[in-house]
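Hi,

Here is the structure I promised to hand over.

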Amino acid sequence: MAERRTLALAACLVAAACGGDDEPAVTVGTVTYSEDQLLGLSEARQRSLAELTAFGLAVADSTTDALGEPLVREWIDDRKLEILGAELVLQQNDVDDDVLRARYLSNPRWELTVRHILFFSERWRSASHRAEAEAKARRAMEALRSGADFASTAATLSEEPGAEGRQGLLTPGREGSWVPEFWTAALALEPGDISPVTETQYGYHILRLEDRQPVPFHEARSVVVREVAEEVGDPEAALDEWMANAGGGDDAGRTAALAEADARGVTVPEGERAELVREWEDRVYRWSASLGFRYGMTPATVAETAFAALSDPSQGTRLVIEEISEHRHLLDARYDIQVANDPSGN
């Protein structure tokens with residue numbers, strides 16, 4: 001079948017690597033695929049190959065953060081508009097800051113200072129790899145229970161980069177700053193307590209809570225605003241009505257709403273911003289692991305890996321390719337992508 005190319009052929013899919021003079025059918029940065037090499041691939045499949053190649057190049061040179069920056073900004077703006085919708089509901093219902101402050105005092109938000117020990121074993125790793133990492137964590141826990149100093153143990157055993165110098169100490173975090181399992185484990189501790197071995201998408205952790213301080217009300221206000229607004233009204237409907245009244249269509253209404261949010265001093269908490277950044281990083285990590293892209297790959301290896309992924313019939317790979325295609329605007333903005341006879345015109 002034409003689409004099921006061998007890796008030996010795929011290895012020649014970089015300009016000058018094969019020495020051929022065929023007219024390029026697909027070009028992505030420095031990577032080109034000739035018409036002969038792509039014989040039998042539909043235009044849609046050629047476009048998918050271009051998207052996979054562009055994503056692979058971003059992974060290879062560690063520019064995926066820059067690739068996803070426009071999307072993360074859009075997510076942050078979406079969150080800002082959620083807060084604006086909540087503010088509008090409170091305004092409609094005459095809910096003032098005295099009510100919000102009273103609610104906050106009954107359920108304060110926290111900033112936690114945590115020291116931890118990490119044994120890396122991402123969830124895509126083999127069962128044996130994860131079992132070995134968990135066993136390391138169990139042995140570290142036994143040492144701590146026998147009186148070993150936590151900071152020294154973190155400096156010696158933790159596999160997190162920089163843990164030796166920091167002795168496992170993390171920058172203070174708020175809800176959203178860390179993955180949910182980590183936050184839940186830390187929040188359950190009293191200062192000085194040590195958590196059970198805790199599994200996250202990164203591996204196995206042992207946490208010790210160093211300090212816990214309440215977040216000042218003015219910094220936690222946007223969270224309380226959304227909680228109360230959901231109880232007294234419909235923030236989404238209030239926002240839609242405001243944007244409709246602003247006129248000029250959806251894009252103009254969104255632009256006006258963002259300007260209104262800025263004028264009201266609406267900001268997205270740092271923990272939520274970190275959570276949105278991590279959402280993109282998690283997608284990149286999952287896509288990379290599924291497709292086989294790694295940091296430091298040469299363009300030739302990226303081309304080989306992209307072609308192999310395109311030929312992979314497994315459902316998991318198919319789904320990842322579809323997800324990446326949904327973000328083609330990010331790839332097009334980042335790379336010079338040329339696909340001959342592309343019906344989209346790109």
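A word on terms before the notes: helices (H or I, at least four residues) and strands (E, at least two) are DSSP runs, numbered from the N terminus. By that count, the protein chain has 15 helices and 7 strands. What you're looking at is a predicted model, where local features need pLDDT of at least 70 and side-chain atom pairs count only at pLDDT 80 or more, while totals for chains, interfaces and linings use all residues. Residues are numbered from 1 along each chain as its sequence is written, and side-chain values use heavy atoms, with hydrogens and water left out.

For the overall dimensions, the C-alpha trace of the protein chain spans about 75 × 65 × 30 Å along its principal axes. The chain has 346 residues, and 43% of them count as buried. Buried here means under 20% relative accessible area, exposed means over 50%, and partly exposed is in between (1.4 Å probe, protein chains only).

Now the charges. There are 29 salt bridges in the structure, a salt bridge being a side-chain nitrogen of Lys or Arg within 4 Å of a carboxyl oxygen of Asp or Glu. One of them joins E51 and R47, at 3.2 Å from N to O. Both residues sit in helix α2 (residues 43-60), 4 residues apart, which is about one turn of the helix. Is E51 buried or exposed? E51 has a relative accessibility of 2%, so it counts as buried, and R47 is buried as well, at 4%. The two also belong to a network of salt bridges that links R47, E51, R328 and D332.

Another one to look up is R109 with E227, whose closest N and O atoms are 2.2 Å apart. This pair links distant parts of the chain: R109 is in the loop between α4 (97-106) and β3 (110-120), E227 is in helix α9 (residues 217-232), and 118 residues separate them. R109 counts as buried at 14% relative accessibility, whereas E227 counts as partly exposed at 28%. R125 and E122 form a salt bridge too, at 3.0 Å from N to O. Here R125 is partly exposed, with a relative accessible area of 32%, and E122 is buried, at 12%.

On to the rings. A pair of aromatic rings is described by the distance of the centres and the angle of the planes. Rings of Phe, Tyr and Trp (its six-membered ring) pair if their centres lie within 6.5 Å; planes under 30 degrees apart count as stacked, over 60 as edge-to-face and the rest as tilted. The structure holds 6 aromatic pairs. In one of these, W178 and W183 have ring centres 6.0 Å apart and planes at 45°, so the pair is tilted. Both W178 and W183 are buried. How are W280 and W287 arranged, edge-to-face or stacked? They are edge-to-face, with 5.8 Å from centre to centre and 85° between the planes. W280 is buried at 3% relative accessible area, and W287 counts as buried at 1%. Together with F55 and F293, W280 and W287 form one aromatic cluster.

Last, D240 lies in helix α10 (residues 235-246). D240 is partly exposed, with a relative accessible area of 41%.

Happy browsing!
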